[in-house]
Amino acid sequence: MMKTGEEENKVENRHHALGFSDQDVLNMYRIMLTARRIDERLWLLNRAGKIPFVVSCQGQEAAQVGAAFALNREKDYVAPYYRDYGFVLAWGMTVREMMLNNFAKAEDPNSAGRQMPGHFGDRKLRMLTHSSPVTTQNPHAVGIALAAKIKGDDIVSFVTFGEGSSNQGDFHEACNFAGVHKLPVIFMCENNHYAISVGLKHQLACAHVSDRAAGYGMFGRTFDGNDPLAAYAAVKEAADRAHRGEGPSLLEANCYRLQPHTSDDNDMTYRTKEEVDAHKKYDGVLTFAQYLRDLEILTPDVEQQLEEQIRSEIDEATDYAEQAPFADPDSVLRYVYEEKD
Amino acid sequence: MAVISYIEAVTQALKEEMERDEDVFVLGEDVGKRGGVFQATKGLYEEFGEKRVIDTPLAESAIVGVGIGAAMYGLRPVAEMQFSDFMLPAANQIISEAAKTRYRSNNDWSAPITIRAPYGGGVHGGLYHSQSMEAIFANVPGLKIVMPSTPYDVKGLLKSSIRSNDPVIFYEHKRAYRLIKGEVPDQEYTLPIGKADIKREGTDVTVITYGLAVHFALKAAEKLAADGISTHILDLRTVYPLDKEAVIDAARKTGKVLLVTEDTKEGSVISEVAATIAENCLFDLDAPVRRLAAPDAPSMPYAAPLEKQFLITPEKVEQAIRDLAEF
């Protein structure tokens, strides 16, 4: 039977089966888009000389936001890494806080300007503080899970890192510890194909980071990191397993880093514009928007409204953060140790 | 007051803290059924079970890193490094993570972990079971490094370390474990981290040291007293951050200062003590500050005569005090 043109274009609704309403996926998209627009603004601010440094999330927003939606945002503990703009926004950090972080101002909840941007951490959000030597957060996430198990608390501990990091000793030690003790940890590798300039084939001898799961006796899965629904499904499955006492999981989001490593990097010294452009076709922010358009959830009106709201939110946050004070220089000696009154 | 050994003081402190606070737990290699290779955690597995006395995979970075995570959750981990020589795989977790958790989060998070590690030589341990590792961590603000010399200090300071809201490295001299015995009160007590202790009052020469060398100094002082030389002995107890006030007072007391460490000389903890004295006590000194330490060779060799050559001894301490007294 011949299909009508309308039927041929019809896109399968994949989010209802996951329990998401149209509004839910629109919220998901809004966070992805906010992360992208913040990132784009940061590059402008950096090139204008307003902020010294940018570490970019572009190309990884879909995996980050989808993952956050699969966790319990009231209970679970998370250890996001420095590209997780989409994740931390979904987890409760505000646009203003993101800008305060990037302007390194006193009000930045992550570190009050002590750390470089993107080094997240906020105790009230159960978000662990994060450093620059990569993968040190993995054992911490395992420690959270171990402590919760000792206390009998039913939570999941979620940690992210790049595929470059997955070659570090701490990655192995953390996975092995979690596997041996069957702890409720979700290790999510955001494989963006580059460790600064070093591409995948010089980093891994196996096809997928998730292949390593078998060696730790844990569940492993690779999913499309450009699809927030695939991220949601994978993290949800891992979380369900953790709650059932089936131990840790090693997930791998297959993404692509669309920007240089940081604002101090020139990626054209090691990859081509053609390569980057080819991957832009799969950019999750664009493809998920198309999915929502095809289902008429993201109508032109909604889209315009969304862009305007986000733009004004970022404008406001940028102005606020730019004008906010730095921490008092004398505070450099504070909090080396506990201060008792 | 009961007389107990140095290692019994460790075990008692752990046991009593675990009884006092259910959030205290122990993790490390062989700490469970085996009770530790030195038996420091003996009996804890039987009393508190495998949930609170955790045998870990052989992976020091994970032992510390997992401990940090548990501390962030609100527990009180006591991580055992089987030998201080094997701490280096965990150095990144200690220096980049535990030490900086509070600072980098602007006081939002903290990492109240205690890292116990046996150190020191004279046990035929060769290059990698004999080292003093304190200098590596003793210029890392955010850490505290405790190195007690007596069972009394061990027990009181280990309890304080576990209760501290900051990370503490607690070094135990492995040769002192069974060699050193001392009185410990029957009732509960703790001792303050960061405070040095005068182990002997004297007027001619000041010895500033820590760990097993305190006993060498005490032994030497006893002999020298017979010759009319009066030795003042300050036990640092916490080697980082230093109790500068106590160091300055002790240096001023006699004007002649001998600094002793079992560690290799250059860049050791006593070098910082010497700098503190130089900055503060120039006009109080009657002799140059002297340092007695191990030679600047990588570590102490295994063969007995070589090990003996490397080690400081009560005799070497005695001679150094005598030289200073006669200066």
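Me: How close do the axes of H7(A) and helix H3 of chain B come, and at what angle do they cross?
Reply: This is a predicted model. In it, the axes of H7(A) and H3(B), residues 60-73, come within 9 Å. They cross at roughly 70°.

Me: So what do we call that, parallel or perpendicular?
Reply: Roughly perpendicular. Angles from 65 to 115 degrees get that label, so H7(A) and H3(B) qualify.

Me: Which residues meet there?
Reply: From H7(A), Gly169(A), Asp170(A), Glu173(A), Ala174(A) and Phe177(A). From H3(B), Ser61(B), Ala62(B), Gly65(B) and Val66(B).

Me: And by class?
Reply: The contact of H7(A) with H3(B) has four nonpolar, three polar and two charged residues.

Me: Zoom out. How many residues does each chain put into the contact between A and B?
Reply: Chain A gives 33 residues and chain B gives 36. On the chain A side, H6 (137-151) and H7 (169-180) each supply at least two.

Me: Which element of chain A gives the most?
Reply: H6(A), with ten residues.

Me: Switching to helix H11 of chain A. What should its span be, and what is it in the model?
Reply: H11(A) covers residues 300-323, which is 24 residues. At 1.5 Å a residue, that should span 34 Å. The end C-alpha atoms are 35 Å apart, so the two agree.

Me: Which of its residues are buried?
Reply: Ile310(A), Ile314(A), Ala317(A), Thr318(A) and Ala321(A) are the buried residues of H11(A).

Me: What covers them?
Reply: The cover includes two helices of chain A, H2 (22-47) and H5 (95-103).

Me: Now Val54(A). Where does it sit?
Reply: Val54(A) is in the loop between H2 and H3 (61-69) of chain A.

Me: Is Val54(A) buried or exposed?
Reply: Buried. Val54(A) has 24 C-beta neighbours inside 10 Å, and the cut-off for buried is 20 or more.

Me: What does Val54(A) touch, leaving out residues up to four places away in sequence?
Reply: Leu42(A), Trp43(A), Asn46(A), Pro117(A), Thr262(A) and Ser263(A).

Me: How far apart are Val54(A) and Thr262(A), in sequence and in space?
Reply: They are 208 residues apart in sequence. In space, C-alpha to C-alpha, they are 5.6 Å apart.

Me: Over to chain B. Which strand holds Ile208(B)?
Reply: Strand E10, residues 205-209 of chain B. Ile208(B) is buried, with 29 other C-beta atoms within 10 Å.

Me: What is in contact with Ile208(B), beyond four places in sequence?
Reply: Leu234(B), Leu236(B), Val247(B), Ala250(B), Val257(B), Leu259(B) and Val273(B).

Me: And how far is Ile208(B) from Ala71(B)?
Reply: The pair is 137 residues apart in sequence and 34 Å apart in space, C-alpha to C-alpha.

Me: What domains does chain B have?
Reply: The domain assignment gives domain 1 (2-184) and domain 2 (197-325). Their C-alpha centres lie 26 Å apart. The contact takes 25 residues from domain 1 of chain B and 22 from domain 2 of chain B.

Me: Which elements of domain 1 give two or more residues to that contact?
Reply: H6 (134-137), E6 (144-146) and H7 (151-163) of chain B. E6(B) gives the largest share, three residues.

Conventions. Residues are numbered from 1 along each chain as its sequence is written. Chains are lettered from A and ligands numbered from 1 in the order in which they are written. This is a predicted model: local features need pLDDT of at least 70, side-chain atom pairs count only at pLDDT 80 or more; totals for chains, interfaces and linings use all residues. Domain bounds come from an automatic or database domain assignment. Two residues are in contact if their C-beta atoms, placed from the backbone, lie within 7 Å. Helices (H or I, at least four residues) and strands (E, at least two) are DSSP runs, numbered from the N terminus. The expected span of a helix is 1.5 Å times one less than its number of residues. A residue is buried if 20 or more other C-beta atoms lie within 10 Å of its own, exposed if 12 or fewer, and partly exposed in between; C-beta atoms are placed from the backbone. Axes are lines fitted to C-alpha atoms, for helices over the stretch in contact, and angles run from 0 to 180 degrees between N-to-C directions. Angles under 35 degrees count as roughly parallel, over 145 as roughly antiparallel, 65 to 115 as roughly perpendicular and the rest as oblique. Ala, Val, Leu, Ile, Met, Phe, Trp, Tyr, Cys and Pro count as nonpolar, Asp, Glu, Lys and Arg as charged, and the others, Gly among them, as polar.
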